[in-house]
Amino acid sequence: MDLGTVVGLVLGMVLLTGSILVGGQIGIFINIPSLLITVGGTIAATFIRFSLADVLGSVNVAMKAFFYKLKPPEEVIQEIVTLANIARREGLLKLEKQPIEDPFLKKAIMFCVDGHEADFIEEVLSKELQLTSQRHETGINLFKSMGDAAPAFGMIGTLIGLVQMLTSMEDPKSIGPAMAVALLTTLYGAVLANLVFLPIADKLSLRSEEEQLNKKLIIEGVLGIQKGLNPRVLEEVLQTFLPPKKRKAAEAGE
């Protein structure tokens with residue numbers, strides 16, 4: 001589980017709810033028609049912009065921001081170096097029986113064991129990396145789209161509320177409450193966009209970058225194993241993918 005996502009979302013909701021309770025009753029901030037305009041309009045616009053399958057699968061995509069955590073690249077490098085040492089001492093065929101959890105690394109190692117050429121391995125794995133990136137991009141764009149639509153429908157709801165308010169100007173006492181309700185749609189849209197949709201899109205983008213880095217490490221590492229590269233040299237090559245701070249930590253064995 002990604003605690004950062006959970007903590008951020010819960011903290012945001014607690015702060016918003018707390019500030020409302022300090023200033024008055026929470027009941028005045030709940031308005032069903034405003035919710036229908038903002039949430040319903042955002043969902044409707046998303047159905048128009050994306051395919052039905054993409055929208056229905058958005059819940060599973062969003063769960064990646066909460067529950068999907070990748071292995072750190074330093075551990076990926078160490079696993080590849082361990083495999084390289086085994087291959088150097090006992091041969092590539094020995095890698096077939098090694099326990100490998102990552103399905104992408106497992107597939108890459110099996111290509112080596114089966115005796116495929118380096119060009120073929122690189123082409124197939126790079127193609128899978130590219131297609132994975134495209135699928136991630138669809139999920140990220142979906143939540144960015146919802147982040148754009150929510151404030152827009154919040155504004156639409158406010159305009160609807162203003163029109164309804166202006167048609168009942170003969171009763172001055174109703175203007176204040178009607179204006180408050182009209183503004184709630186803008187509030188709902190801003191909260192949904194900035195506390196839910198856009199942060200989830202950014203977290204999915206971060207997860208995608210992390211997964212791409214791990215896959216690039218695996219491609220480079222497996223090609224090194226296939227070419228019989230010295231494990232120590234291979235480790236140095238793979239560490240060039242890491243930022244200097246993480247590179248030093250990995251060298252220190254932290």
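Is E75 buried, partly exposed or exposed? I looked that up first, keeping in mind that I'm working with a predicted model. E75 turns out to be partly exposed, since its relative accessible area is 43%, and the cut-offs put buried under 20% and exposed over 50%.

**Entry 1: E75 and its helix**

I found E75 in helix α5, which covers residues 73–90. Then I checked E75 against P103: they sit 28 residues apart in sequence, and their C-alpha atoms are 15 Å apart in space.

Next I asked what α5 packs against. One partner is helix α9 (residues 231–239), with the axes 9 Å apart and an angle of about 160°. That angle makes α5 and α9 roughly antiparallel to each other, because anything over 145 degrees counts that way. The crossing of α5 and α9 is right-handed. On the α5 side I noted I77, Q78, I80, V81, A84, N85 and R88, and on the α9 side P231, L234, E235, L238 and Q239. Sorted by class, this contact has 7 nonpolar, 3 polar and 2 charged residues.

**Entry 2: α8 and two of its partners**

Helix α8 runs over residues 175–226. I started with its contact to helix α6 (residues 103–113), where the two axes come within 10 Å and cross at roughly 20°. So α6 and α8 are roughly parallel to each other, as the cut-off for that is under 35 degrees. Their crossing is right-handed. From α6 I listed F104, L105, A108, I109 and C112, which meet K215, I218, I219, V222, I225 and Q226 of α8. The residues of this contact split into 9 nonpolar, 1 polar and 1 charged.

Then I moved to helix α2 (residues 32–49), whose axis comes within 8 Å of that of α8, with a crossing of roughly 40°. That angle makes α2 oblique to α8. This crossing is right-handed too. Here S34, L35, T38, V39 and T42 of α2 touch V181, L184, T185, Y188, G189, L192 and F197 of α8.

**Entry 3: K203**

Is K203 buried or exposed? I looked, and K203 counts as buried because its relative accessibility is 17%, and the limit for buried is under 20%. K203 is in helix α8. Leaving out neighbours within four places in sequence, I found K203 in contact with D2, G4, T5 and A65.

My last stop was helix α7, residues 118–166, where T158 lies. T158 is buried, with a relative accessible area of 5%. Which residues does T158 touch, apart from those up to four places away in sequence? I wrote down A182, L183, T185 and T186. For A182 there's a polar detail as well: its backbone oxygen lies 2.9 Å from a polar atom of the T158 side chain.

E123 is also in α7. At 58% relative accessibility, E123 counts as exposed, because the cut-off for that is over 50%. I also compared E123 with I219: they are 96 residues apart in sequence, while C-alpha to C-alpha they are 9.8 Å apart in space. I219 had already turned up on my list for the contact of α6 with α8.

Conventions. Residues numbered from 1 in each chain as written. Predicted model: local features only at pLDDT ≥ 70, side-chain atom pairs only at ≥ 80, totals over all residues. Heavy atoms only, no water. Axes fitted to C-alpha atoms, helices over the stretch in contact; angles between N-to-C directions. Helix = DSSP H or I, 4+ residues; strand = E, 2+ residues; numbered from the N terminus. Parallel < 35°, antiparallel > 145°, perpendicular 65-115°, else oblique. Left-handed = near helix turned anticlockwise from the far one by under 90°. Contact = heavy atoms within 4.5 Å. Nonpolar A, V, L, I, M, F, W, Y, C, P; charged D, E, K, R; others polar. Buried < 20%, exposed > 50% of the residue type's maximum accessible area, 1.4 Å probe, protein only. Polar contact = N/O pair within 3.5 Å; in protein donor to acceptor, adjacent residues only side chain to side chain.
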